Amino acid sequence: MVTVRYMDKLIKFEFDVDGTDFTSAGQASVNVKKHLRQLGLSPEVIRRVSIAMYEGEINMVIHAKGGKAEVNVYEDRVEIILRDTGPGIKDINLAMQEGYSTATDNVRSLGFGAGMGLPNMKRYTDNMEIESVLGEGTTIKMTVNLN
Amino acid sequence: MKISDIKELLEAEVLCCEENIDCEACSACGSDMMSDVLAYVKDQAVLLTGLVNSQVIRTAQMMDMVCIVFVRSKMPTEEMIELSKNAGIVLMTTKKRMYEACGKLYKSGLVGNGEIHG
């Protein structure tokens, strides 16, 4: 993990999400949760950021063999940016529907792949933008407001 | 309901974080699908599950859950117990099946999350 301080933001965290090991998926989210607590953000904000990022991290491991996660804490919001170079999302509107999933039975047997990942990410954040190109990858930017 | 009451009702064995057994649990959720848990659970909840992998602990950690009960005598791995210790989450295992375990807790007053938050 890399932590950088900038003038225009309170703090920035960057993580490599390992896509080869499902067992370790979620470690970046656990780290972020710890750091946000140290920054003194409200428990509700921390929970929303952690859950959204955790779902994103799991998605990256399941669908894209990992990627990069960036969390920026500003005065008024927390921004989560997840970038992968996976297969991309064919139909974003369809993927946003609860219950729709392209995950394998193996992933379902691990407790995920119920088609709740992206809807949960949207549910817990104030804004979510998805950019995806088939064969190139997906970038998801989520924002949780502090007020 | 206290976690210690849940232990008694389910005749469960505590596997870690026994020091937190007097903590209060406000609601419960029974599921093997972690994304469902992430969608609907709030506030000091207990998770009952038959799923055994590290993501069960991480899910509970993300949701600020206080206790996980493994049903049907399922046992978490050492790695899961370590993760749980770090998060301060009480782990228990019970011989009871999911339906029976949920029923016993519900009948004793531990409601589902939907009944608190709609």
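1. The model is a predicted one, in which local features need pLDDT of at least 70 and side-chain atom pairs count only at pLDDT 80 or more, while totals for chains, interfaces and linings use all residues. Residues are numbered from 1 along each chain as its sequence is written, and chains are lettered from A and ligands numbered from 1 in the order in which they are written.

2. Chain A brings 18 residues to the contact between the chains and chain B brings 16 residues, two residues being in contact if their C-beta atoms, placed from the backbone, lie within 7 Å. On the side of chain A that touches chain B, two or more residues each come from helix H1 (27–38), helix H2 (43–64) and helix H5 (117–123) of chain A, where helices are DSSP runs (H or I) of at least four residues, numbered from the N terminus. H2(A) gives the most to this side, with 5 residues. By class, this side of chain A has 8 nonpolar, 7 polar and 3 charged residues; Ala, Val, Leu, Ile, Met, Phe, Trp, Tyr, Cys and Pro count as nonpolar, Asp, Glu, Lys and Arg as charged, and the others, Gly among them, as polar.

3. H2(A) is mostly covered, with 18 of its 22 residues buried, a residue being buried if 20 or more other C-beta atoms, placed from the backbone, lie within 10 Å of its own. At 1.5 Å a residue, the 22 residues of H2(A) should span 32 Å, which agrees with the 30 Å between its end C-alpha atoms; the expected span is 1.5 Å times one less than the number of residues. Just after H2(A), Lys65(A) has a positive phi of about 55°.

4. In chain B, helix H1 (residues 3–10) packs against helix H5 (residues 98–107) at an angle of about 130°, with the axes 10 Å apart; axes are lines fitted to C-alpha atoms over the stretch in contact, and angles run from 0 to 180 degrees between N-to-C directions. H1(B) and H5(B) are therefore oblique to each other, since angles under 35 degrees count as roughly parallel, over 145 as roughly antiparallel, 65 to 115 as roughly perpendicular and the rest as oblique. Ile6(B), Leu9(B) and Leu10(B) of H1(B) meet Ala101(B), Lys104(B) and Leu105(B) of H5(B), and the residues of this contact divide into 5 nonpolar, no polar and 1 charged.

5. Helix H3 (residues 54–62) and helix H4 (residues 78–87) of chain B pack at about 10°, with their axes 9 Å apart, which makes H3(B) roughly parallel to H4(B). The residues of their contact divide into 4 nonpolar, 3 polar and 1 charged.

Technical notes. A residue is buried if 20 or more other C-beta atoms lie within 10 Å of its own, exposed if 12 or fewer, and partly exposed in between; C-beta atoms are placed from the backbone.
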